[in-house]
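I opened this entry to keep track of what I looked up, element by element. The notes follow the order in which I went through the model.

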Protein chains: 2
Amino acid sequence: MPIINTRWNNGNSDGDRLVVDIFPLSSYYFSSKAAAASKDETLADRALRLKSNYDAYGMRTCVEAVILVELFKHPHLLLLQSKNCIYKLPGGRLRPGESDINGLKRKLLSKLCADDDNYRTHWEVSECIGMWWKSDFETLPYPYLPSSGRTPKECTKLYLVKLPSNRDFIVPKNFKLLAVPMCQLHENRKTFGSIIAGIPQLLSRFSINMVRT
Amino acid sequence: MPIINTRWNNGNSDGDRLVVDIFPLSSYYFSSKAAAASKDETLADRALRLKSNYDAYGMRTCVEAVILVELFKHPHLLLLQSKNCIYKLPGGRLRPGESDINGLKRKLLSKLCADDDNYRTHWEVSECIGMWWKSDFETLPYPYLPSSGRTPKECTKLYLVKLPSNRDFIVPKNFKLLAVPMCQLHENRKTFGSIIAGIPQLLSRFSINMVRT
């Protein structure tokens, strides 16, 4: 697999930049499965549910996957789209006591694999690249702890997940899986929200190798 | 030095988060020295100078320091302010062939230390936390390479620089050294520009320990 396009390297002391191999979108196979059950509820019901969960289990922790593919020689991020205008990273809430890595693997199986996968698909969860906190259930997330010193109500952790050179993606029918270019995400909070719009920055310290398969 | 305030840790598998100790602003001593020579020039002259340097030496590389202190139990970033409304990270352009680390140490000495320091002050330059590229001399920076595949004209690398528990800062009279809270920087591109406004996100994966001295 020859490397056809490497991030510019000035030959100085940045040889220790972490390398992420990404593969063409065409290396992957996409199909769909039965729609995922959605929590049909009003915003008020959701706030009640979050509050009751907080009282029972403490801070809600979400783990989300940053997964890259190559298209037109530019890195693209995989996003789930629902209801035409809501974009989400694949991932979700940890169960009480569940580790970040195990919880993220469970969520990736339910959102991106066949229902009878039974953990046959291996997900390579790499490092945490960013974290966001909410100081209350219905507020915006911030990339730092509330300065009041209060315990945050929710924490979202972004993990880099590395794909192999081929993979099947089986996505619930009520979602579309999209590959969105970095240049469309960057600072586009209006469309994608702060967390997703900031991902190009979080990835900038990595050296992205676009591999031809 | 007891730790008085630690980033919230949910006891899950995030024990490997990198810890950054920061010390109160009051641990540091600030004074000034003679004004630094400034390159008085028009924008057109500057563009000519950058172009001629590019032709001679290739891509311009800048290295900049992300230095944190604690104030009111919230992390603050050290910024140099000039002409009342221009904010810069301490740092500057590498000389041809100079390594990132050596170049950044040279710049920190010239901008934050006494003129007769003679490299007595030790700067602990830690990892690169983000990079930005300009595809041309007068364009905005982006946290990814130009998708055209063209060689970028300028690269800015942000390095985390860790302070010891005390330090003198001697700043040229034409600059003010400010400590600006994360919450004021976050997404505040209008005041600080994209690079500085994104620093809270780049730091979010670190566990910040506010140490009482």
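Helices (H or I, at least four residues) and strands (E, at least two) are DSSP runs, numbered from the N terminus. I then checked the length of H2(A), residues 100-112: its 13 residues should span 18 Å at 1.5 Å a residue, and the end C-alpha atoms are 18 Å apart, which agrees. The expected span here is 1.5 Å times one less than the number of residues.

Before going further I noted the conventions. This is a predicted model, in which local features need pLDDT of at least 70 and side-chain atom pairs count only at pLDDT 80 or more, while totals for chains, interfaces and linings use all residues. Residues are numbered from 1 along each chain as its sequence is written, chains are lettered from A and ligands numbered from 1 in the order in which they are written, and side-chain values use heavy atoms, with hydrogens and water left out.

Next I turned to the strands of chain A, where two strands pair if DSSP finds at least two bridges between them. I found an open sheet of 4 strands in the order S8-S4-S10-S9, with mixed pairing. Its edge strands, each pairing on one side only, are S8 (91-93) and S9 (124-134), and the twist averages 20° from one strand to the next, with axes being lines fitted to C-alpha atoms (for helices over the stretch in contact) and angles running from 0 to 180 degrees between N-to-C directions. Within this sheet, S4 (residues 60-66) and S10 (residues 154-162) run parallel and are joined by 7 bridges; Cys62(A) stands opposite Thr156(A) of S10(A).

I also looked up strand S11 of chain A (residues 167-172), which is largely enclosed by the rest of the structure, because 5 of its 6 residues are buried. Strand S3 (residues 28-33) of chain A runs parallel to S11(A) and is joined to it by 6 bridges, with Ser31(A) having Ile170(A) as its bridge partner. In the loop between S11 and S12 (176-181) of chain A I found Phe175(A), which is partly exposed at a relative accessible area of 21%. Phe175(A) and Lys111(A) are 64 residues apart in sequence and 9.1 Å apart in space, C-alpha to C-alpha.

Which residues other than glycine have a positive phi? Tyr119(A) is one of them, with phi near 65°; Tyr119(A) lies in the loop between H2 and S9 of chain A and is exposed at 54% relative accessible area. Phe72(B) is another, with phi of about 50°; Phe72(B) sits in the loop between S4 (60-71) and S5 (74-82) of chain B and counts as exposed at 69% relative accessibility.

Last, I noted that the largest cavity is lined by residues including Glu187(A), Arg189(A), Glu187(B) and Arg189(B).

How values were computed:
On a 1 Å grid over the protein atoms alone, a cavity is a set of points where a 1.4 Å probe fits but cannot get out, and a pocket is an open set with protein on both sides within 12 Å along at least five of seven lines; lining residues have an atom within 4 Å of a point. Buried means under 20% relative accessible area, exposed over 50%, partly exposed in between (1.4 Å probe, protein chains only).
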